[in-house]
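Colleague: Could we go through the ligand site together?

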Amino acid sequence: MKAICVRETGAPDVMRLEELDKPVVSVESVLIKVSAAGVNPVDTYIRSGNYGSISLPYTPGMDAAGVVEEVGSGVTQFKPGDRVYTAGGQTGSYAEYMLCQQTQVHCLPENITFRQGAGVHVPYATAYHALFHKAGASPGERVLIHGASGGVGTAATQIAKAFGLEVTGTAGTEKGLELVQEQGARYTYDHTEDGYLDKAVEEATGGNGFDIILEMLANVNLDRDLDVVAKNGRIVVIGSRGPVEIDPRKAMGKNAAIIGMTIMNASEKETKSIHAALGAGLTNGTLNPFTDRAFPLDAAAQAHEAIMEPGSFGQIVLIPDWG
Ligand code: NAP
């Protein structure tokens with residue numbers, strides 16, 4: 001099969017399209033013919049060698065959508081021909097075929113395209129886990145999605161809006177701000193403008209602060225988040241690209257919590273509830289993954305460069321052309 005192969009970690013061009021052996025199903029596994037693969041920032045950290053150890057060579061990617069090709073004898077939930085999306089796999093998603101355990105596979109409703117399905121797992125599961133399992137969100141609360149124009153931010157905006165939270169979202173471009181508004185934010189602010197947080201906390205909360213902040217770039221924003229979080233507020237650190245100095249007194253004075261998370265740490269029970277909720281939201285149309293940019297599989301390197309550039313606009317996907 002055709003697949004992206006990384007033989008040494010490094011710059012995006014270490015990803016090469018190669019001819020590899022097709023994975024072989026075992027008792028509990030599902031082989032999926034990939035129609036679209038999701039590109040997430042974590043894929044770039046792993047490829048560059050800055051995210052723990054990885055055994056080489058490997059094929060990148062955790063998220064895909066496609067059709068079940070073959071199942072192991074112990075698989076009861078899926079059959080060949082089923083439309084599915086993946087939440088991780090035993091092999092990578094930047095490939096013609098991806099091998100997954102059956103617990104990593106979820107039904108893709110008919111109304112959701114494969115391209116959209118490739119943008120479900122990391123963005124939506126992260127957003128759901130942050131809002132409900134970490135921040136304990138309740139309808140009526142005010143949430144600041146600090147970085148709402150990318151994969152996780154657009155997912156979080158849709159989920160929060162559907163749940164009855166009042167959403168304020170930030171982006172760094174005019175196009176990004178429009179997208180965030182279209183996804184359901186009541187207030188939007190440009191995080192490249194001076195004083196935007198002071199304006200946001202006044203206009204969107206009457207100076208009371210945000211009950212929840214989902215933070216995509218904590219190394220830049222965490223100390224300022226403590227200025228705009230409400231009393232008993234929760235700041236969930238989803239993304240951070242370096243260290244930051246904060247004044248802990250700001251958290252003390254407000255009984256505020258700073259909660260770190262990684263979706264890989266979600267428990268089996270949490271994971272089950274996340275995908276049950278996402279399945280319901282995708283089926284009833286409240287969740288509608290936004291994927292603007294698609295690259296062919298042999299342009300995986302360009303996709304990795306694009307996802308690290310400013311000016312996010314939803315999720316980036318790879319669409320293979322199997323001819
Ligand atoms: P993405 O699609 O690249 O989006 C990045 C977002 O951050 C965009 O909205 C971008 O806005 C925004 N941003 C840029 N500068 C900012 C600033 N100064 N303040 C606030 N926001 C800013 O990435 P993603 O997939 O949404 O992921 C977001 C972050 O979460 C990444 O660091 C990723 O590694 C991390 N993440 C963590 C988990 C986890 O389990 N903890 C899971 C998924 C992702 P503009 O481009 O419009 O400026």
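This is a predicted model: local features need pLDDT of at least 70, side-chain atom pairs count only at pLDDT 80 or more; totals for chains, interfaces and linings use all residues.

Colleague: Which residues come nearest to the ligand?

Modeller: Tyr 45, Ser 149, His 191, Ile 263 and Ser 312 come nearest among the 27 residues around the ligand, where a residue counts if one of its heavy atoms lies within 4 Å.

Colleague: And which polar side-chain atom lies 2.9 Å from a nitrogen atom of the ligand?

Modeller: That atom belongs to Asn 221. A polar backbone atom of Ile 238 is also 2.9 Å from a nitrogen atom of the ligand, and a polar backbone atom of Gly 150 is 3.2 Å from a ligand oxygen. A polar contact here is a pair of N or O atoms within 3.5 Å.

Colleague: How much of the ligand does the protein bury?

Modeller: The protein buries 87% of the 920 Å² that the ligand exposes when taken alone, by the Shrake-Rupley method with a 1.4 Å probe.

Colleague: Changing topic, where does Ala 3 lie, and is that residue buried or exposed?

Modeller: Ala 3 lies in strand S1 (residues 2–6), a strand being a DSSP run (E) of at least two residues. Ala 3 is buried because its relative accessible area is 0%, and buried means under 20% with a 1.4 Å probe, protein chains only.

Conventions
Residues are numbered from 1 along each chain as its sequence is written. Side-chain values use heavy atoms; hydrogens and water are left out. A polar contact is a pair of N or O atoms within 3.5 Å; within protein, one must be able to donate a hydrogen and the other to accept it, and residues adjacent in sequence count only if both atoms are side-chain atoms. Helices (H or I, at least four residues) and strands (E, at least two) are DSSP runs, numbered from the N terminus. Buried means under 20% relative accessible area, exposed over 50%, partly exposed in between (1.4 Å probe, protein chains only).
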